[in-house]
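Visitor: I would like to learn how to read strands and surfaces in a model. Where do we begin?

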Amino acid sequence: MQFITQSLCIPPSTPQQLWIGTEGKGVLCYQLTDGTTKQYTQADGLSSNNICGIQYDGQGRIWVSTENGLNCLHPKHGRIDVFYEADGLPDNILNFRSFSQFRNNHIVWGTPEGAFELNPDEFAQKDETSFNLRFEEFALFNVPVRPDTKGSPLHTVIDRTEQIALTHGQHSFSFRFLNLGYLNVSKNLYSWYLEGFDHAWSLPTDHHHAVYTNIPPGNYTFRVKVFSGGDEKNYQERSIHITIAHPWWNTPFAWVLYLLLTALLVYFLIKAYKDRMDARDSDQKIRFFINIAHDIRTPLTLIKAPLNEIENEPLTDNGHSALTLAQRNTEKLLNMVSQLLDFQKIEREAMTLQVEETEMSAFIGSAVGNFEPLAREKGISLHTQISPEGEHPIFIDRRKVSLILDNLISNSIKYTCQHGNVWVKCSLTDGKLVLEVVDDGIGISTQAQKKLFNRFYRAENAANSKETGSGIGLLLTKKMTLLHKGSIDFSSTEGVGTTFRIQLPVSQSDYNKTELIQKDFHPKKEVQQEKQPDEAGKIKILLVEDNEELREYLARYLKQDYSIVESADGQAALEVVRKENPDFIISDVMMPLLSGTELCKQLKSNIETCHIPLILLTSLAEREDIIKGLNAGADDYITKPFDPAVLKSKIASIINNRSLYRKKYIDKSAFNDESLLVNELDKQFMEQVVEYIEEKMMNEDFSIDTLAMEMAMSRSVFFKKIKSLTGQNPQEFIRDIKMKRAATLLREHKYSIGEIAYLTGYPNAKYFSTAFKKYYGCTPSSFVEDEISAPSYSDEV
């Protein structure tokens with residue numbers, strides 16, 4: 001091997017080795033015993049291959065100076081440590097053969113910046129005592145925490161802290177740490193690990209700042225270690241235990257509370273489900289009883305009516321007694337059925353008030369008088385006490401108050417022993433009617449009082465008595481009282497007696513207009529007398545029949561009541577319909593040129609004629625033929641031979657039904673209830689008419705002619721169709737739509753009367769007000785006041 005020797009060194013501890021520094025070839029270790037050589041170059045970790053000096057330090061280490069740093073060779077371990085300016089050297093360049101070793105084993109090295117003394121043990125010792133890892137800072141959300149800060153989790157400096165307790169909100173924190181005990185700081189590498197959160201140690205880095213965010217509650221240990229260079233086996237480690245508390249809602253106590261609440265919830269859900277099932281079963285029972293009650297009312301009526309007729313017949317005393325018994329029990333049964341039906345209505349909230357002015361004294365006296373025969377029969381004294389104010393008129397729903405009194409008085413008489421007393425007291429207090437029914441009967445136990453108004457409940461002492469009862473009387477009484485905006489309470493002592501107290505508002509101002517029965521409450525709409533369709537005052541019927549004799553017979557038979565037009569076949573009938581505009585058509589089915597079925601299809605598919613009622617006459621009596629005729633659009637189908645009286649009756653029935661359709665159509669709304677029309681084309685036609693009227697009603701050039709033109713009809717055909725469908729001429733129909741539109745706008749309270757007049761096509765507010773009053777029976781201002789004071793719900797029964 002050719003090399004230039006720069007320096008030589010023979011370690012005293014191993015004299016058989018010769019260390020040779022070279023220029024460009026690194027360091028050679030020559031074994032004198034066997035002549036072998038080991039070479040160390042930059043590839044092995046030397047800072048440079050140009051060697052300036054070699055010195056043994058007495059600890060088995062060889063120090064090698066180069067033109068780029070100082071090297072420490074560990075022959076035993078085969079490791080090379082390199083030191084530069086960053087590690088404390090005055091310069092990275094060391095002078096050639098400029099070094100010397102003192103007796104204390106320190107070595108002096110020369111550099112262009114001067115000489116420096118090196119303690120090999122301080123620089124190169126690699127055991128654990130050479131590290132001094134310290135915690136420098138602890139921060140929450142990047143804000144440093146100090147022990148003296150209020151609310152700080154630190155009780156002393158972070159380097160002396162072994163345990164940190166944090167709240168669940170302090171979930172983001174960081175640590176700063178630094179090794180202060182090793183001079184070769186440029187080679188310090190750090191790695192950290194949050195035990196309980198991280199899965200592995202972090203990669204070695206020279207950064208000494210660990211950051212953690214959004215750490216969930218729990219127990220953790222933060223561990224950090226420092227080591228030099230690639231020697232991870234020689235390191236120092238520090239650790240701190242961290243506890244992040246759970247929020248109050250995630251503590252064991254909270255979970256116990258959750259379990260208890262869940263158990264309670266499950267209990268109440270099960271209870272609610274059972275109650276719902278019980279209510280459903282109860283409703284099914286009620287529906288069953290209601291159905292039975294509806295079915296019973298008819299035979300009851302047929303029993304009651306003959307009994308009333310027999311009352312006038314001469315009977316023996318036993319007969320009169322039996323009749324009276326039958327009548328009384330019939331009335332009782334009818335009353336029970338009526339109560340059950342009332343109960344159903346009030347349960348469905350389908351019952352509403354019908355309040356009217358009533359003379360209190362006479363009303364109460366009559367209601368109590370009905371029970372006098374029953375009281376006498378049981379030997380009970382029935383007393384009535386009405387205050388002097390009883391002569392004053394009051395406003396009540398007579399039927400509901402009668403039912404309340406009937407139930408209370410009936411119960412008092414029923415559960416009062418012979419020779420007992422029942423008092424009915426009536427007075428007016430603070431504008432309210434106070435009714436008290438007092439008895440000295442069997443009373444109600446304290447336990448039963450809690451369930452008294454429950455459905456189908458009867459007190460034990462009442463159930464054990466001989467008297468019968470359904471268990472809904474008092475519940476119905478309470479519901480009737482509440483419906484009447486009143487209140488009910490009672491007091492009772494078992495074996496002493498019972499007092500029921502009812503309070504009802506009786507002033508007219510206590511009820512709104514929909515609850516008051518008044519003759520002139522709703523605005524009256526002008527209803528004009530419906531005119532006959534033609535000049536002769538008779539409905540025009542077109543007879544289409546190819547048999548001349550039958551056609552003449554039918555014409556002669558119907559001529560007395562109707563105006564008759566005839567046609568011999570279906571094809572000719574189309575032209576007759578176009579010219580005559582009949583109100584009704586009767587057609588044979590089997591005809592030449594065009595059958596009655598085809599005639600019906602064409603007429604019913606034409607918007608100008610689809611509204612005309614049509615009856616088919618035929619000898620085809622098969623089911624398929626009848627279905628075919630009805631599917632073609634016929635209003636009825638009569639097979640031959642037929643009774644002319646039946647035909648006349650069916651004509652009258654269809655005409656009357658059409659009149660009812662028109663009446664309902666007008667009464668409901670002139671344009672909102674197309675379901676009353678009997679033909680889909682008619683529905684579409686009316687929708688188009690109404691839409692056009694609503695869109696164009698404010699235009700000055702709007703007229704019936706423009707409306708007919710828009711519908712692609714002549715004025716006469718349009719007039720006839722509107723008249724047939726609505727029972728009104730077009731002008732009346734347009735007026736209806738305008739008035740309905742005006743009423744809607746008035747209810748919205750968005751426009752003045754002048755603006756509504758313009759929006760509905762009237763030239764000025766005065767003309768509009770006059771027309772409105774003529775139509776509704778009140779001025780627009782009065783209409784608005786009535787609407788404000790009246791509720792928006794209807795009285796369903």
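**Reading the sheets and the surface**

Guide: This is a predicted model. Start with an open sheet: four strands, ordered β14-β19-β18-β16, with mixed pairing.

Visitor: Which strands stand at the edges?

Guide: β14 (163-166) and β16 (188-195) do. Each has a single partner strand, so one side of each lacks a neighbour in the sheet. From one strand to the next, the twist averages 20°.

Visitor: How do I read the pairing itself?

Guide: Strands of a sheet pair through backbone hydrogen bonds, either parallel or antiparallel. Here, strands β18 (residues 218-228) and β19 (residues 235-244) run antiparallel, joined by 10 bridges. R223 stands opposite S239 in β19.

Visitor: Which strand runs parallel to β29?

Guide: β30 does; four bridges join β29 (residues 584-588) to that strand. I585 has L614 in β30 as its bridge partner. The chain passes from β29 through helix α12 (residues 596-604) to β30, a right-handed β-α-β crossover.

Visitor: Are the residues of β30 buried or exposed?

Guide: Buried: five of five, across residues 614-618. Check each face. L614, L616 and T618 are buried on one side, and I615 and L617 on the other.

Visitor: Now the surface. Which residues form a nonpolar patch there?

Guide: F253, V256, L257, L260, L261, L264, Y267 and F268. Together they have about 850 Å² of accessible area.

Visitor: Where is F253 placed, and why does F253 count as exposed?

Guide: F253 lies in helix α2 (residues 252-310). Exposed means over 50% relative accessible area. F253 has 66%, so F253 is exposed.

Note on methods: Residues numbered from 1 in each chain as written. Predicted model: local features only at pLDDT ≥ 70, side-chain atom pairs only at ≥ 80, totals over all residues. Heavy atoms only, no water. Buried < 20%, exposed > 50% of the residue type's maximum accessible area, 1.4 Å probe, protein only. Helix = DSSP H or I, 4+ residues; strand = E, 2+ residues; numbered from the N terminus. Pairing = 2+ DSSP bridges. Right-handed = clockwise from strand over helix to strand, strands pointing away. Patch = residues over 30% accessible without salt bridge, like charges linked within 9 Å, V, L, I, M, F, W, Y side chains within 5 Å. Areas by Shrake-Rupley, 256 points an atom, 1.4 Å probe, with all protein chains shown as cover. Salt bridge = Lys/Arg side-chain N within 4 Å of Asp/Glu carboxyl O. Axes fitted to C-alpha atoms, helices over the stretch in contact; angles between N-to-C directions.
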